Amino acid sequence: MTAQANAAPVRAEESLRQTLLSPGYRRLLLLCVLLGVPIALACFFFVGLQHEAQHWVWTTLPEAAGYASPPWWWPLPALLLAGLILAPIVTRMPGGGGHLPVNGLGGAPVGPRALPGAVLAALATLPLGVVLGPEAPLMAVGSGLALLAVRRAGAGGDQRASAILATAGSTAAISTILGGPVAAAVLLIEGAGLAGARLVVLLLPCLLASATGALVFTGFGRWTGLEIGALALPDLPPQAGPDAGDFLWGLPTAALIAVLVTLGRELGRRTVTWTRRHTAARTVACATAVGVCVAAYALITGRSPAEAALSGQATLAQLAAHPHAWSVGALVALVACKGLAWGVALGALRGGPIFPAVLLGAATALACSGLPGFGATPALALGIAAAAAAVTGLPLASSVLAVLLMGRDAHDQTPLIVMASVVAFAVAQLVRRAEPEEDRASGGAPGGAPATGAAR
């Protein structure tokens, strides 16, 4: 029995060695390096164009109309227009404009045939303030271009190679907005649930494509001067290590964040059910409802509606740099109004679910940071980690994302970050209802990892 047990790892190691040294796999790695460049360029111009359009809608156009900032009613026509644009894409174009965000980032990769609809839906509606992020459309660009390259090369018949390349393309794309290949690789490892030789075979192409893409993506940002709106926190509150008070208040806050995020996803699932009939008209109605929620935030707080309408990267950076610039009431209004809008958007509109959830988690935690012994820096760190873990179902990847975002403050905050991720993940699992069978069949996934199946 012992000899058989020892022989199994040896056989697995030999099988892995043969796979890594095989000509086909080496060609696959080379193709991933080559794919990383065009995918990164496509993602760069995609996000750059989206950011420029967003700036025009929420800054340039209001100023041209004589407003220093968008008035409270600005989201109403913007979101109505988003619904009118999205409705025919969802009902008539192949792929329906991409994945439903309530299903996370899972499901089959978007293939070349469905890619135009996903790109059009994102570029036409994200700048108008549909509350969602660019991460899911970016992954669609990565997988679609990778599968297109495979088919142009005449290798589309190899389903395993196509699946690996599609996942590598998605990972390369998402790494451009998550700050590099490390967070994307950890997300892949945890989300795919692979182990042993299968993990290494899949991970190496994804790391190569992501690292190559990150170099090109970063370089083009410097060369062109275009802003891409990547998730980053250049300024943070004063450094402060967590103490007993931060854990005392922080872990219940992480549980609260998990409940809020899970309730938002439940609203998204109900919205999906409602929009299955009369899809076009109800898509417009849902977009209008999102606009009403965003306008309500501006009316209640007197602040810019863009803080609630956009995906959250810019507002999160402002919260991190000036955590006390928001009153507790404004933070509560942001969580309530943006949370409702996010829940509706998850089930009817198109985009990514993670960035808005991270902002909701950070705002919730900072609203609680006035409690005795609860600091703003630990609150920000645990809010990011807890929300990411609740929305993705990936506590390790969420911890890594929070650590990367916290930068120099991450070392002291790591224990609190990890504990908050675990607590939020556990609470979300307890609160979350079982997903309907039809949602699972359509590619729903609690996690945010790229899927490993090829798409048409």
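How do the residues of the lining of the second largest pocket divide into nonpolar, polar and charged? They divide into eight nonpolar, eight polar and two charged, where Ala, Val, Leu, Ile, Met, Phe, Trp, Tyr, Cys and Pro count as nonpolar, Asp, Glu, Lys and Arg as charged, and the others, Gly among them, as polar. The model is predicted: local features need pLDDT of at least 70 and side-chain atom pairs count only at pLDDT 80 or more, while totals for chains, interfaces and linings use all residues. Residues are numbered from 1 along each chain as its sequence is written, and side-chain values use heavy atoms, with hydrogens and water left out.

**Chain overview**
- The chain has 18 helices and zero strands; helices (H or I, at least four residues) and strands (E, at least two) are DSSP runs, numbered from the N terminus.
- Of its 456 residues, 55% count as buried, meaning under 20% relative accessible area with a 1.4 Å probe and protein chains only.
- Among contacts (heavy atoms within 4.5 Å) with a separation of 6 or more, 81% join residues 24 or more positions apart.

**Second largest pocket**
- The space in this pocket is about 350 Å³, a volume being the space filled by probe spheres set on grid points joined across faces, edges and corners.
- A pocket is an open set of points on a 1 Å grid over the protein atoms alone, where a 1.4 Å probe fits, with protein on both sides within 12 Å along at least five of seven lines; lining residues have an atom within 4 Å of a point.
- Its lining has 18 residues, and Trp-58, Thr-59, Ser-304, Ala-306 and Leu-310 lie nearest the centre.
- At least two lining residues come from each of H2 (23-64), H11 (306-309) and H12 (313-321), and H2 gives the most, with seven.

**Packing of H15 and H17**
- H15 (residues 376-392) and H17 (residues 410-431) pack at about 35 degrees with axes 8 Å apart; axes are lines fitted to C-alpha atoms over the stretch in contact, and angles run from 0 to 180 degrees between N-to-C directions.
- The contact between H15 and H17 has 13 nonpolar, three polar and no charged residues.
- Residues that meet there include Ala-381, Leu-382 and Ala-385 in H15 and Leu-416, Ile-417 and Ala-420 in H17.

**Leu-178**
- Leu-178 lies in H6 (residues 159-178) and is buried, with a relative accessible area of 12%.
- Not counting residues up to four places away in sequence, Leu-178 touches Ala-183, Leu-187, Phe-355 and Leu-401.
- The C-alpha atoms of Leu-178 and Glu-135 are separated by 8.7 Å, and the two are 43 residues apart along the chain.

Technical notes: Buried < 20%, exposed > 50% of the residue type's maximum accessible area, 1.4 Å probe, protein only.
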